[in-house]
Amino acid sequence: MNSLSRRSFIAGAGKAGATAVAVSMMPRAMWGNPAGLPLGIQLYTVSKPLQEDIPGTLKQLHEIGYRQVETAGLVKHTAKEFRALLDDAGLVCPSSHLQLAGDNLDEQFADANALGAHYAVTSVLRHFSPAEIKTLTSTAAAPAAGSTAPPKHPPMQPLGLDGFKKTAARMNEVGKKAKAAGLQYAYHNHNFEFEKMPDGSYGYDVLVKETDPELVKFEIDCGWMVVAGADPLAYFHNYPGRFRMLHIKDFKPVPKPTTALGGPERPQGADLGTGFVQYTKIFGAAKAAGIEHIFVEQEAPFPVSQMDSAKVDYAFLQKFS
């Protein structure tokens, strides 16, 4: 749906012709970027300035050139209030990252709808061991609000084939509930999903194969996928139609592929174009693969500041216009 809000989309299929004309008249700066898609940013990237000044930060993102955002929390606002701030800044939110934990998902889905999102996304939907849960919920493991330091995630225990199968079953359940709420569920990867299975495939393949294509789509985080040793182009080819969004992220070079999300082996983030992830072929294949949205996202450490990195990342993407 690109920059059209979900609310506009469901207003009526009869307006499709007028919509196509309106889109064709939009300035090229809004569309003529990688894969011909508007440039978006995952707001996790600018969490610190958002904590300090939400309206100013959103307007600055628009001034940089971003036109879409993906939320990761509402910074102590209601979804309706946050939507008003986005509208005022000239930004749209086609995708929202949610916790999607527990059985009562209605409130989170209502928030996604209020933001105008079409995609309800989760970035971790795995079964944690009791020891992992204890560490994850410890206040010592969490960085201060708005911190630019890497989160102190504990080393994750391998999920194994059974764990990935259980995660896939949970994804189908969430996808069914999202559909009932008028949303499309999508799963965002990190690197731990590329744990090797007994047959040599990745755990990520289990998630794709054992989820309903209509209920579950995927948002490929290219940086996390590549740092784990996998290839987004291979997934475009092997599982056509399953991928709808990309996270555009870079990492400092690693000595070998890693699935460590915590501890000393956790990869270190880098401004786009200063790490080792190669995007030319990915962008070249993205639209044909069905990608609808791309979002810049960056992991700590930030060389100068989060907002400076957002500017560098946007400039990098302009090279592909």
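These are my notebook entries on what I looked up in this structure, which is a predicted model.

**Entry 1: the whole chain**

I started with the overall picture. The chain has 14 helices and 10 strands. It runs to 321 residues, and 50% of them count as buried. I also checked how far apart in sequence the contacting residues sit. Among contacts with a separation of 6 or more, 79% join residues 24 or more positions apart.

**Entry 2: α5 against α6**

Next I picked helix α5, residues 54-64, and looked at helix α6, residues 79-89. Their axes come within 9 Å and cross at roughly 40°. How do I describe that angle, then? I write α5 and α6 down as oblique to each other, because an angle has to be under 35 degrees to count as roughly parallel. The crossing of α5 past α6 is right-handed.

I then listed who touches whom. From α5 I have Ile 54, Pro 55, Leu 58, Lys 59 and His 62. From α6 I have Phe 82, Leu 85, Leu 86, Asp 88 and Ala 89. Sorted by class, this contact holds 7 nonpolar, 1 polar and 2 charged residues.

I stayed with α6 and asked myself which of its residues are buried. They are Ala 79, Phe 82, Arg 83, Leu 85, Leu 86 and Ala 89. These residues span an arc of only 160° around the axis, so they lie on the same side of α6. The spacing made sense once I remembered the helix rule: an α-helix has 3.6 residues a turn, so residues three or four places apart point the same way.

On the face turned away from that buried side I found the exposed residues Lys 80 and Asp 88. Asp 88 was already in my notes as part of the contact with α5. Just after α6 comes Gly 90, with a positive phi of about 80°.

I followed Ala 79 to Ala 110. The two are 31 residues apart in sequence, yet their C-alpha atoms are 8.5 Å apart in space. Ala 110 belongs to helix α7, residues 106-114. Its relative accessible area is 43%, so I note Ala 110 as partly exposed.

**Entry 3: α5 against α14**

Back to α5, which also packs with helix α14, residues 306-318. Here the angle is about 25° and the axes are 10 Å apart. That makes α5 and α14 roughly parallel to each other, since the cut-off is under 35 degrees. This crossing is right-handed too.

The α5 side of the contact is Thr 57, Gln 60, Leu 61 and Ile 64. The α14 side is Met 307, Ala 310, Lys 311 and Tyr 314. By class I get 5 nonpolar, 2 polar and 1 charged.

Last, I looked at some loops. Pro 301 lies in the loop between β10 and α14.

Ala 35 sits in the loop between α3 and β1. Its phi is near 60°, positive although Ala 35 is not a glycine. Val 75, in the loop between β2 and α6, has a positive phi of about 50° and is not a glycine either.

Are these two buried or partly exposed? Ala 35 is buried, at 17% relative accessible area. Val 75 comes out at 21%, so I put it down as partly exposed. The cut-off for buried is under 20%.

Key
Residues are numbered from 1 along each chain as its sequence is written. This is a predicted model: local features need pLDDT of at least 70, side-chain atom pairs count only at pLDDT 80 or more; totals for chains, interfaces and linings use all residues. Side-chain values use heavy atoms; hydrogens and water are left out. Axes are lines fitted to C-alpha atoms, for helices over the stretch in contact, and angles run from 0 to 180 degrees between N-to-C directions. Helices (H or I, at least four residues) and strands (E, at least two) are DSSP runs, numbered from the N terminus. Angles under 35 degrees count as roughly parallel, over 145 as roughly antiparallel, 65 to 115 as roughly perpendicular and the rest as oblique. A crossing is left-handed if the near helix is turned anticlockwise from the far one by less than a right angle, and right-handed if clockwise. Contact means heavy atoms within 4.5 Å. Ala, Val, Leu, Ile, Met, Phe, Trp, Tyr, Cys and Pro count as nonpolar, Asp, Glu, Lys and Arg as charged, and the others, Gly among them, as polar. Buried means under 20% relative accessible area, exposed over 50%, partly exposed in between (1.4 Å probe, protein chains only). The arc is that of the directions from the helix axis to the C-beta atoms.
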